[in-house]
Amino acid sequence: MSKIKYKGGCAVMLKLPEHDQVELDSLRVQARQSEERSDWRILPPETYHLTLQFVGRDLSSEKISRVVFSTFLFAEDEAPFQIEFTGVTSVNRTSKGSYLVAQVIKSNNILRMRERILDKFAQMDVKVKDGFGFNPHVTIAEADPGRAWPGELPTSKSFSVDCNELVLKYGARRMSIDL
């Protein structure tokens, strides 16, 4: 079976609506105002999402089909979902880069939602290849690996955002599914 090779892998994400980002806008404005942040790129709000589950890289076309079908089955049973933010930002570092992220509360609801998508994948014999623990967050800015955030990290009061859209990402492709 041939493998589809693409950059970025495959993931199921909750998309944050652009019209409901007052507090995230505040964090983004604070990040922009930070001096000496020329090494950091502030991300546009239309890219804001919470990765619910990373599936893997270099998936076969058959496995991509099962992921798409599983995600649609999952979305049929879901309702719009509220993401709760702590108001705290931090810098996450990986071998691919440094990321300024808005921390999300790891609530029982979000953990149950993640379990439900994994159940749908299991029903379709989709095994995820996710080497990271679940650390719910939304990325606000990014930089090359090893970069520290210059100055104070942006903060806000705790807040929540209602999500009514699921996005399935595979490579450069995006498929939106209403909840």
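This is a predicted model: local features need pLDDT of at least 70, side-chain atom pairs count only at pLDDT 80 or more; totals for chains, interfaces and linings use all residues.
**Stop 1: helix α2**

Start by selecting residues 61-77, which make up helix α2. The helix has 17 residues and spans 25 Å from its first C-alpha to its last, close to the 24 Å expected at 1.5 Å a residue. Now colour the buried positions of α2: Lys 63, Ile 64, Arg 66, Val 67, Val 68, Ser 70, Thr 71, Phe 74 and Ala 75. What do these buried residues pack against? Show β1 (10-15), β3 (49-56), α3, β8 (165-170) and β9 (173-178), and you have their partners.

**Stop 2: where α2 meets α3**

To see who makes the contact, show side chains for Val 67, Ser 70, Thr 71, Leu 73, Phe 74 and Asp 77 on α2, then Met 113, Arg 116, Ile 117, Lys 120 and Phe 121 on α3. By type, the contact residues split into 6 nonpolar, 2 polar and 3 charged.

The spacing along a helix is handy here: an α-helix has 3.6 residues a turn, so residues three or four places apart point the same way.

**Stop 3: Ser 70**

Stay in α2 and zoom in on Ser 70. Is Ser 70 buried or exposed? Its relative accessible area is 0%, and under 20% counts as buried, so Ser 70 is buried. Leaving out neighbours within four places in sequence, Ser 70 is in contact with Lys 120, Phe 121, Met 124 and Val 126. For a distance check, pick Arg 112: Ser 70 and Arg 112 are 16 Å apart, C-alpha to C-alpha, and 42 residues apart in sequence.

**Stop 4: Glu 23**

Next, jump to helix α1 (residues 22-33) and pick out Glu 23. With a relative accessible area of 17%, Glu 23 is buried too. Beyond residues up to four places away in sequence, Glu 23 touches Ser 156, Lys 157 and Phe 159.

**Stop 5: Gly 146**

Finish in the loop between β6 (137-143) and β7 (159-163), where you'll find Gly 146. This glycine has 61% relative accessibility, so Gly 146 counts as exposed. Setting aside neighbours within four places in sequence, Gly 146 is in contact with Arg 93 and Ser 98. Now draw a line from Gly 146 to Met 124: 22 residues separate them in sequence, and 39 Å in space, C-alpha to C-alpha.

Terms used: Residues are numbered from 1 along each chain as its sequence is written. Side-chain values use heavy atoms; hydrogens and water are left out. Axes are lines fitted to C-alpha atoms, for helices over the stretch in contact, and angles run from 0 to 180 degrees between N-to-C directions. Helices (H or I, at least four residues) and strands (E, at least two) are DSSP runs, numbered from the N terminus. Contact means heavy atoms within 4.5 Å. Ala, Val, Leu, Ile, Met, Phe, Trp, Tyr, Cys and Pro count as nonpolar, Asp, Glu, Lys and Arg as charged, and the others, Gly among them, as polar. The expected span of a helix is 1.5 Å times one less than its number of residues. Buried means under 20% relative accessible area, exposed over 50%, partly exposed in between (1.4 Å probe, protein chains only).
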